[in-house]
Amino acid sequence: MSGHGRNRAARAGLILCFAALLGCSREETSQPGAGSGAARPAALKAEVVPAPEGGEIPALVQDARDRARREGRELVVYVGASWCEPCTRFHDAVKAGQLDVSFPALRLLEFDLDRDRDRLAEAGYASEMIPLFVVPGADGRGTPLRVEGSVKGDRAVDEIVPRLEAILARARAAAR
């Protein structure tokens with residue numbers, strides 16, 4: 001490797017380290033439970049966790065919310081479907097690590113609209129469009145802090161991210 005190549009690689013490594021430090025710093029100051037002795041995940045990255053097929057959604061969400069908080073994470077209920085293009089684009093972006101910088105401590109509890117529609121509606125997670133992202137209440141039910149729908153195509157993820165950031169910021173502010 002030439003001297004220029006080594007310098008570029010070193011700079012890129014420093015930039016990545018600096019970005020990781022900024023992400024940890026921002027997360028520590030804004031995360032619910034930060035500074036309260038909550039356990040921190042070893043590697044902060046956004047994640048999708050499939051919801052169980054059965055059970056009462058409010059109880060499932062309460063348990064998932066409590067577990068997420070203990071682990072220093074934020075929980076959002078995510079409703080999608082395999083036939084929904086913006087849903088699959090967002091899901092794939094999370095799985096590929098493309099949203100780790102924007103949402104390093106985000107846990108998405110994923111429900112399938114086709115499978116869970118009725119029980120979602122009973123728990124306050126009904127919507128006219130998907131994907132649906134909802135910050136759950138302490139009782140495990142849906143709140144008005146939600147994002148519904150997106151554009152199709154390459155811009156889907158870029159269209160969802162700022163809207164999701166906004167509801168998470170509102171949830172953090174309300175928790176203070």
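Predicted model: local features only at pLDDT ≥ 70, side-chain atom pairs only at ≥ 80, totals over all residues.

Analyst: A search of the whole structure finds 10 salt bridges, each being a side-chain nitrogen of Lys or Arg within 4 Å of a carboxyl oxygen of Asp or Glu. Residues are numbered from 1 along each chain as its sequence is written, and side-chain values use heavy atoms, without hydrogens and water.

One of these salt bridges joins Arg107 and Glu47, with N and O 2.3 Å apart. Because Arg107 belongs to strand 3 and Glu47 to strand 1, the pair ties together parts 60 residues apart in sequence; strands are DSSP runs of E, at least two residues long, and helices are runs of H or I, at least four, both numbered from the N terminus. Arg107 is buried at 10% relative accessible area, while Glu47 is partly exposed at 23% (buried is under 20%, exposed over 50%, partly exposed in between, with a 1.4 Å probe and protein chains only).

Strand 1 (residues 47-50) and strand 3 pair in the parallel sense over four bridges, where pairing requires at least two DSSP bridges. Five of the seven residues of strand 3 (residues 106-112) are buried.

Within helix 3, Arg89 and Glu85 lie four residues apart, about one turn, and form a salt bridge at 2.9 Å between the closest N and O atoms.
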